[in-house]
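Biologist: I'm new to this one. Could you show me the structure and walk me through it?

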Amino acid sequence: MDQVKFNVEAMHIKDHGSRQLSQETVQKLISQSQEVKEQAYCPYSKFRVGAALLTRENRVFTGCNVENACYNLGLCAERNAISKAVSEGYRHFKAIAIASDVDDQFISPCGGCRQFMREFGPNWDVYLSKPDGSYRKMTVDELLPGPFSL
Ligand code: THU
C-alpha cells in the first residue's frame, strides 16, 4: 500500500504501457474521478462517488453512482465506469481511482465492485482517495482475496 499527499491539477495521461503509473497520471486520474463525482445521482443516500478507469491503451472511462427509487437497482460509480469501458471494447485495465466527499478516510470499494473489478484480473491498481487528493493504492487482489470465479 502506498500513501501519498499532493495537490491535484489537470494533466494529460502520458504513461505508455508501464505497470507503475507516474505521479502525474495518478493525480490526473484522481482529478477525473473527483470531476465525475459532480455528476453523481444520489438523491437517496446523498453520498457522491466518482470513478476514473485507466485502460491498457491509456483511455480513461469515468463513472458516477446512479441511484434509483427502487434502492437495490442503484449503480456504483466503479461498476458504471467499468461497464462503459467494456461496452466500448476495452477489457484490460491498469488502474481505477475512486473519489467521494468523505475527508477522514480513503473511499473503499464495496464488495460487489471488488468482485466486478476482479472479473478483469487480479493485478491492477485501485487508488482509494480523499477529497484533498491523497490516496492509498491497493491491488484488486489485495482488496478481494479468494474471489468467486467460474
Ligand atoms: N457507492 C459507490 O458508488 N461505490 C462504492 O464502492 C460504495 C458505494 C455508492 C452506492 C450508493 O449510491 C452510495 O454510494 C451509498 O452507498
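This is a predicted model: local features need pLDDT of at least 70, side-chain atom pairs count only at pLDDT 80 or more; totals for chains, interfaces and linings use all residues.

Biologist: How are the planes of Y44 and Y71 arranged: stacked, edge-to-face or tilted?

Modeller: Y44 sits in the loop between α1 (23-37) and β2 (49-55), and Y71 in the loop between β3 (60-64) and α2 (77-87). The pair thus links distant parts of the chain, 27 residues apart. The ring centres are 5.5 Å from each other and the planes make an angle of 45°. Planes under 30 degrees apart would be stacked and those over 60 edge-to-face, so this pair counts as tilted.

Biologist: Where does the ligand sit?

Modeller: Residues around the ligand include S45, F47, N65 and P109. By class, this shell has six nonpolar, three polar and two charged residues. The ligand's place is the largest pocket.

Biologist: What share of the ligand's exposed area does the protein bury?

Modeller: Let's start with the contacts. Oxygen atoms of the ligand lie 2.5 Å from a polar side-chain atom of E67, 2.9 Å from a polar backbone atom of A77 and 3.0 Å from a backbone N or O atom of C110. Alone, the ligand exposes 370 Å², and the share buried by the protein is 77%.

Note on methods
Residues are numbered from 1 along each chain as its sequence is written. Side-chain values use heavy atoms; hydrogens and water are left out. A residue is near a molecule or strand if one of its heavy atoms lies within 4 Å of it. A polar contact is a pair of N or O atoms within 3.5 Å; within protein, one must be able to donate a hydrogen and the other to accept it, and residues adjacent in sequence count only if both atoms are side-chain atoms. Accessible areas come from the Shrake-Rupley method with a 1.4 Å probe; for residues, only the protein chains shown count as cover. On a 1 Å grid over the protein atoms alone, a cavity is a set of points where a 1.4 Å probe fits but cannot get out, and a pocket is an open set with protein on both sides within 12 Å along at least five of seven lines; lining residues have an atom within 4 Å of a point. A molecule sits in a cavity or pocket if more than half of its atoms lie within 2 Å of its grid points. Ala, Val, Leu, Ile, Met, Phe, Trp, Tyr, Cys and Pro count as nonpolar, Asp, Glu, Lys and Arg as charged, and the others, Gly among them, as polar. Rings of Phe, Tyr and Trp (its six-membered ring) pair if their centres lie within 6.5 Å; planes under 30 degrees apart count as stacked, over 60 as edge-to-face and the rest as tilted. Helices (H or I, at least four residues) and strands (E, at least two) are DSSP runs, numbered from the N terminus.
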